[in-house]
Amino acid sequence: MFQTGGLIVFCGLLAQTTTLLEALSLPLEHTLFLEATPGQDPSPTDLAGDLTDGLSSGLLSGGLLDILENLPLLNILKTGGGTSGGLLGGLLGKVTSMVPLLDSIIELKITNPQLLELGLVQSPDGHRLYVTIPLGIVLNVNTPLTSSLVKLAVKLNITAEILAVKNDQGKIHLILGDCTHSPGSLQISLLNGFAPLPVQSLVDSLSSFLNKVLPELVQGEVCPLVNEVLSELDVTLVHSIAELLIHGLEFVIKV
């Protein structure tokens, strides 16, 4: 009798233990599912940030700031205007009698070149990207008698179109389409504050000159660099973006 009673007690305890373990444990198939689930792929919207980061880094490492700082504005200014003295001579002739400081030779020096945060939008059909490249410089108009006569803050946007194409071998890649300055994006402001009338006349003339010359000058220097940077982007990033563009899939968040 004792052995039989002990066996009954043991079986009862075993049944309770089994029930408790089943309540606490995950089903076997659920456990296997969790173990077999791979890590999620990066969201397609992450590609937009990776692209702008890659373009920014490539432009900076490719010498963009040096290009801006060495724009030949003074050479163009001296040889322009259609007069024997160039546009520079014409400007000086207008104000020299009023401001004795301008009897000396004027100097244009570019400082503080900047690449600001890139903008990115996708075309309505999803097949093209438009990258806005905001640039900034400070233009110092100097004479030997003054450390800085006039300082102008100049900002200009370049817009680059990016397309996905497929070659004869079926491989897709990104190419640069249209690349131009954004109409109306050139902004010129005086950093020195209020300028006397003779100096303001010089500022107005310089602003007119910059509006005519600077956009195309910057475009001609920056767009080839954009094309070079585009060709050197990470292969995996380029392939992922090109696939989405080929199929017209939206991945750039509209703001």
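This is a predicted model: local features need pLDDT of at least 70, side-chain atom pairs count only at pLDDT 80 or more; totals for chains, interfaces and linings use all residues.
Which element gives the most to the lining of the second largest pocket?

Residues are numbered from 1 along each chain as its sequence is written, and side-chain values use heavy atoms, with hydrogens and water left out.

**Stop 1: the salt bridges**

Select D125, R128 and E161, which are linked in a network of salt bridges. A salt bridge here is a side-chain nitrogen of Lys or Arg within 4 Å of a carboxyl oxygen of Asp or Glu. The whole structure holds two of them.

Start with D125 and R128, whose closest N and O atoms are 3.2 Å apart. Then turn to R128 and E161, where the N to O distance is 3.6 Å. This pair links distant parts of the chain, 33 residues apart: E161 belongs to strand β4 (residues 146-166) and R128 to strand β3 (residues 128-143). Strands (E, at least two residues) and helices (H or I, at least four) are DSSP runs, numbered from the N terminus.

Now show the surface. With a 1.4 Å probe and protein chains only, buried means under 20% relative accessible area, exposed over 50%, and partly exposed in between. E161 is buried at 11%. R128 is partly exposed at 25%, and D125 is also partly exposed, at 36%.

**Stop 2: the largest pocket**

Select L120, V121, V252, I253 and K254, which lie nearest the centre of the largest pocket among its 20 lining residues. A pocket is an open set of points on a 1 Å grid over the protein atoms alone, where a 1.4 Å probe fits, with protein on both sides within 12 Å along at least five of seven lines; lining residues have an atom within 4 Å of a point.

α3 gives the most, with five residues.

**Stop 3: the second largest pocket**

Select H173, L174, L230, S231 and V238, the closest to the centre of the second largest pocket among the 13 residues that line it. Next colour β5 (172-181), α7 (197-231) and α8 (235-246), each of which supplies at least two residues of the lining. The opening question is settled here: β5 gives the most to this lining, with five residues.
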